[in-house]
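Q: Can you walk me through this one before I set anything up?

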Amino acid sequence: MSLEIAISIVMTLVIAATPILLAGLGELVVEKSGVLNLGVEGMMLVGAVAGFITASLTGFTPAGYAAAAFAGLCASLLFGVLALTIGANQVATGLALTIFGTGLSSLAGAGFVGTTIARLPALFPQSIAGHPILRLAFGYDVIVYLSIALTLAAAWFLNHTRSGLILRCVGESDASAHAIGYPVTAIRYLAVAFGGALAGLAGAYYSLAVTPMWADRITAGRGWIALALVVFSSWRPWRLLLGAYIFGAVMTLELYSKAAGFALLPPEMLAMLPYLATVVALAVIAMRPSRGRLDAPRCLGKTFRAGA
Amino acid sequence: MWIKLEPRKAPSHLALYGAPVAAIALTMLAGMVLFTLMGYRGAGAVFEIFIEPLLEPERWPDIAVKASPLVMIATGLAIGFRANVWNIGAEGQYIVGAIAGTGIALATYGIESWWVLPSMLVAGLIGGAAWAAIPALLRIRLKVSEILTSLMLTYVALQLLYYLVRGPWRDPEGYNFPQTRMFSEAETVPNLLEGTQLHWGVLLTFLAVLIAWFVMSRTLTGYQVRVVGLAPMAARLGGFHENRTVMMTMLVSGGLAGLAGIVECSATFGQLTPQFPVNYGFTAIIVAFLGRLHPIGVLIGGLALATSYIGADIAQTASALPQAATGLIQAMMLFFLLGVDLFVVNRVRLVPSVVQHAS
């Protein structure tokens, strides 16, 4: 295998990992605040379609990403109203959001199936972004660097800031946080909105960068993989990054073996890989000896009602 | 005056049973607004989706046939949801059930005997249950959330289906189409009423609902499932095993989904094709909630959803409403149902503002 091919394989891996990293990072913060939003796939689809339509109509791809983040945020507020304000079951509400996002995106995108848009250019100048070797580090669009910067920011925010501590406190013990006087529901709303915006952005990465054209259900269940990654990461941003890149590698393996006409496994078996790998990863992480030390936030998925 | 919500001592029965009706009414209203905004004939489309199928008796058998798999799957899911077991991979179990049953059908090719169809149905049941046993085992042994694993396995099942119909199970005389050969007479679920689509699978669903109702409300097993869901601590103190409940509810919901899969495959398609899975496993989640996780409620909820499916077909031709609108309508139903539940556990009271300030 030549160096050139190796470099393009790694670059494909990074691009495959970026959207699940973004979506996973958003959900990680949401779950740290004690909320389980299973609507990631739905919010991603809403973001994907909003981003594509905006980019397609304006001809300006950055506007697509902005619209996607906003649309994902709006979708997450729908979850917020039901699960946080009304106090509906979070599992059911999240599922409803995914079904809703799937329906809305295929309805809104129906007129755009098969059309294409322009990708974002690489962030760095062509002299290094197009360099045969340097492109490994500098050949990506701004979203890739943003996803890594956000990982850094999330790790710093959660572990080294006062606000991060309050967010974790709300997730570990909502009643204590409320008793001290923190607005539990408001803090959770902020987290949910952040998760929604990142999911929207992640969805748009599929429709604007990975395959820059519109197809129904373009995210193909990756939102669920992002959810699984959060568990896999034990709610730690850097491990999430690692997990996302491992999964990016699995997906790239699928892609390249298909292209190379790799005859060892039929294509359908390769397409199963990321999903099977997720199940295996969840099982393996559950078997590790240090279980229970830094596991799920205590209040994850529990409805909070301020002293009714 | 302030509007104040306060918890009811016991859920209001009127609100409990009225909530799904209110949710459907609100969905119709929201649908009208949404479709009008999107440039369709809003009121007309909503009428076609929800009312028109009910006004035409010749469509009633179609509604029953459409409702059959939804109700069968949702009956199983509702039992699990009651016990806080979140099997959301029913779609995968539905597919694997169809695959297992088709396996028997292909293996018994040429045998025209009475036992062929029953073995197919049993294989479907076992196939679905086995597929659901994987997430159940992972939850019991390793405490891995069944939500994620059951869903991941749906994608695996889908690819397995594609592989089989494109590869080893492809009809040799099928002009290379990715589908199995047609089932024989002995492999087809018999028709129930001449001139309609109604088949024996509909009765099977009805039977499943009756058994589920009996078990859930009249036996110790049903009581155990409800206690594990409502009060896990009390269940543990009472000597009920949570793990056993998890396994049992997963096997039941997976088995029913698998049975629904092979019945649908045999009765409606007459062969296994890639077009076979149409997300009934996900829609059944809505049916389960719409039916308040009660078998009889699920039956009614399934009929309501089936009506909207048939109605969406009408609206597609009459109002050019895209097929995707169905999913949107269904999700809105669940949203509104979750929303109006606020009034099931709470009541609204008008409080004089003076009192509010004093407190």
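Predicted model: local features only at pLDDT ≥ 70, side-chain atom pairs only at ≥ 80, totals over all residues.

Q: OK, what is the secondary structure of chain B?
A: Chain B comes to 16 helices and 2 strands, and its C-alpha trace spans about 85 × 55 × 35 Å along the principal axes.

Q: And what about the radius of gyration of chain B, against a compact globule?
A: A compact globule with 359 residues would have a radius of gyration near 21 Å, and chain B has 22 Å, so the value agrees. Buried residues make up 52% of chain B, and among its contacts with a separation of 6 or more, 78% are between residues 24 or more positions apart.

Q: Switching to the contact, how many residues does each chain give?
A: Chain A and chain B each give 36 residues to the contact. On the side of chain B, the elements that give two or more residues are H6, H7, H12 and H14 of chain B, with the largest share, 11 residues, coming from H7(B). By class, that side of chain B has 27 nonpolar, 7 polar and 2 charged residues.

Q: Is helix H11 of chain A buried or exposed?
A: H11(A), residues 222-232, is mostly covered, with 11 of its 11 residues buried, including Arg222(A), Trp224(A) and Phe232(A).

Q: What do those buried residues pack against?
A: The buried residues of H11(A) pack against H1, H2, H10, H12 and H13 of chain A, together with H7 of chain B.

Q: And what comes just after H11(A)?
A: Just after H11(A), Ser234(A) takes a positive phi of about 50 degrees.

Technical notes: Residues numbered from 1 in each chain as written. Chains lettered and ligands numbered in written order. Contact = placed C-beta atoms within 7 Å. Helix = DSSP H or I, 4+ residues; strand = E, 2+ residues; numbered from the N terminus. Nonpolar A, V, L, I, M, F, W, Y, C, P; charged D, E, K, R; others polar. Rg over C-alpha atoms; globule rule 2.2 N^0.38 Å. Buried ≥ 20, exposed ≤ 12 C-beta atoms within 10 Å, placed from the backbone.
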